[in-house]
Amino acid sequence: RDISFCGHVVGHAHEMFVNDTLDDPRFRDNPLVTGAPHIRFYAGVPLETVDGHVLGALCTMDRVAREPTPHQLEQLRRLSRVTMATLEARREANAARRYRRLFESTPALPVIAGRDGVPREMAPAWVQALGYDLDFLYNAPVTATVHRDDLDKLGAFISSLADATETRTIELRHIAKDGSLRWLSWYATWDPNEELVYGIANDVTAFHQSLSALEANERVLRATTETLDAIGRAQARHIQGRSADEVFGGLVDDGMRLTESPAGFVCEMASGPFGQAVLLTEPLATRGGGDALRPLIQGPGRRATEPWVSPDSDNLGAALILPLVRGDRAIGVMVLAGRAQGYDREVRERMAPIAGTAAKLLDARNDRVERGAADRALRSSERRFRTLTQLAPIAIFQSDKTGAIVYSNAAWQA
């Protein structure tokens, strides 16, 4: 560069004209003048970008001295401008190709939209993300696919963009062509000069699905824990010999709390005079006006052994009927009613273990009652036997297998 003519043009960012290098002390001893290619004339102008950076020089040289006309020099300057315009156009074309390749190959979802929300540019990835073709996407505002419950939030977000100096973010739910819900996380900025919104969205549906699954698992775990606690409390009351109202009333209370029901009761079931299933008159436990629910289960479904939901009543709404089943028959029923959201399958499944526990406790209670009745009958029979034998005029005795007398009446002892 020390001997370069163009180096002077680039270094000083100024055009340079040398009519005769032998008359110019800067170049008369230059090896390019004294030797090949024996430069005698040089004219060069800088190749300068619009922001003042000199990329090189456009020059012309000859082996003989010359004195160019002003028109020739202006033509050289014009040629330098054409050269720079060509280079700039090529640079912009290369940048546009790189931008287009990035725009079309990115898995993200870039979009450029006007003030009306209609896209000016959209990546093909939008087709894969939402399922709509580009013709639809280019002729509809971005809001066309947004879930209706998010439209107010989107409107406030768009309004805030005009006053923002930095990129803003928002998460929106979009409805895909197949009806599925897609969560998109948006980054957007407003260009006031072009009056365009530049945005890019990322599909975060998988994250929200994972979050929903985690929350569902937490709800199941919490529900399971609460159910086990309710079962444990009922079993403890049974072991402690509490009354039926305390044992079964506690289960009803827990069932009402876990299902957000304002009323409920537990009742035994028996066989009527013609073999039909009937409810006993007195419930084992009733809470919150449970007696008003009794007519709701006086239908064909009462013989079933699977839970069902009765129609709405005038006073308490729908009722969840939980048969207390032992073996292949229902020995009682647990009823919960008045839940504002109704009783879906999740609620029915949640209450099944509590109904199963109530059935076991009812069965155990009935066994204990039956055993007590049998013991009392046996003792009564034994008392009657002893009274009769003591009054008998004949000798009566009873011995064990060894022959030892274990009982004898007055006549035998006399």
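**Reading a predicted fold: surface, core and charges**

Me: F207 counts as exposed, at 51% relative accessibility. How should I read that figure, and where does F207 lie?

Reply: Keep in mind that this is a predicted model. Exposed means over 50% relative accessible area, so F207 at 51% passes the cut-off. F207 belongs to helix α7, which covers residues 205-239.

Me: Step back to the whole chain. How many helices and strands are there, and what share of the residues is buried?

Reply: The chain holds ten helices and 16 strands. Of its 414 residues, 35% are buried. The exposed surface comes to about 25,000 Å², and 53% of that is supplied by carbon and sulfur atoms.

Me: What part of the contacts joins residues 24 or more positions apart?

Reply: Take the contacts with a separation of 6 or more. Residues 24 or more positions apart account for 44% of them.

Me: On to the inside. Which residues touch the most other members of the largest nonpolar core?

Reply: That core has 28 residues. F248, L324, M334, M351 and I354 touch the most other members. Two or more residues each come from α7, α8, β13 (317-326), β14 (329-337) and α9 (345-391). The biggest share is from α9, which gives eight residues.

Me: Which residues are included in the second, separate core?

Reply: This one has 23 residues, including L130, L154, W186 and V197.

Me: How do I read a helix that has a buried side?

Reply: Start with the geometry. An α-helix has 3.6 residues a turn, so residues three or four places apart point the same way. Then look at α6, residues 151-161, where L154, F157, S160 and L161 are buried. Viewed down the axis of α6, the buried residues fall within an arc of 125 degrees, so they line one face of the helix.

Me: Which exposed residues sit on the face of α6 turned away from its buried side, and what covers the buried residues?

Reply: The face turned away carries D152, A156 and S159, which are exposed. The cover over the buried residues of α6 includes β6 (168-175), β7 (181-191) and β8 (196-203).

Me: Now the loops. Where is D178 found, and is D178 buried or exposed?

Reply: Look in the loop between β6 and β7 for D178. D178 is exposed, with 64% relative accessible area. D178 and L130 lie 48 residues apart in sequence, yet their C-alpha atoms are 8.2 Å apart.

Me: In which loop does G327 lie?

Reply: G327 is in the loop between β13 and β14. Its relative accessible area is 76%, so G327 is exposed. G327 and T305 are 22 residues apart along the chain, and 9.8 Å separates their C-alpha atoms.

Me: Last topic, charges. How many salt bridges does a search of the whole structure find?

Reply: The search finds 19. Read each bridge with two things in mind: the gap and the setting. R26 pairs with D24, with the closest N and O atoms 2.9 Å apart. D24 is buried, at 12% relative accessible area. D116 and R120 form another bridge, at 3.4 Å between the closest N and O atoms. Here D116 is partly exposed at 49%, and R120 is partly exposed at 41%.

Me: What links D245 and R287, and which elements do they lie in?

Reply: Their side chains meet in a salt bridge, 3.3 Å from N to O. D245 lies in helix α8 (residues 244-259) and R287 in strand β11 (residues 285-287), so the pair ties together parts 42 residues apart in sequence. D245 counts as partly exposed, at 36%.

Me: Which residues are linked in a network of salt bridges?

Reply: E15, E74, R77 and R81 are linked in such a network.

How values were computed. Residues are numbered from 1 along each chain as its sequence is written. This is a predicted model: local features need pLDDT of at least 70, side-chain atom pairs count only at pLDDT 80 or more; totals for chains, interfaces and linings use all residues. Side-chain values use heavy atoms; hydrogens and water are left out. A salt bridge is a side-chain nitrogen of Lys or Arg within 4 Å of a carboxyl oxygen of Asp or Glu. Buried means under 20% relative accessible area, exposed over 50%, partly exposed in between (1.4 Å probe, protein chains only). Helices (H or I, at least four residues) and strands (E, at least two) are DSSP runs, numbered from the N terminus. Contact means heavy atoms within 4.5 Å. Accessible areas come from the Shrake-Rupley method with a 1.4 Å probe; for residues, only the protein chains shown count as cover. A nonpolar core is a set of buried Ala, Val, Leu, Ile, Met, Phe, Trp, Tyr and Cys residues joined through side-chain atoms within 4.5 Å. The arc is that of the directions from the helix axis to the C-beta atoms.
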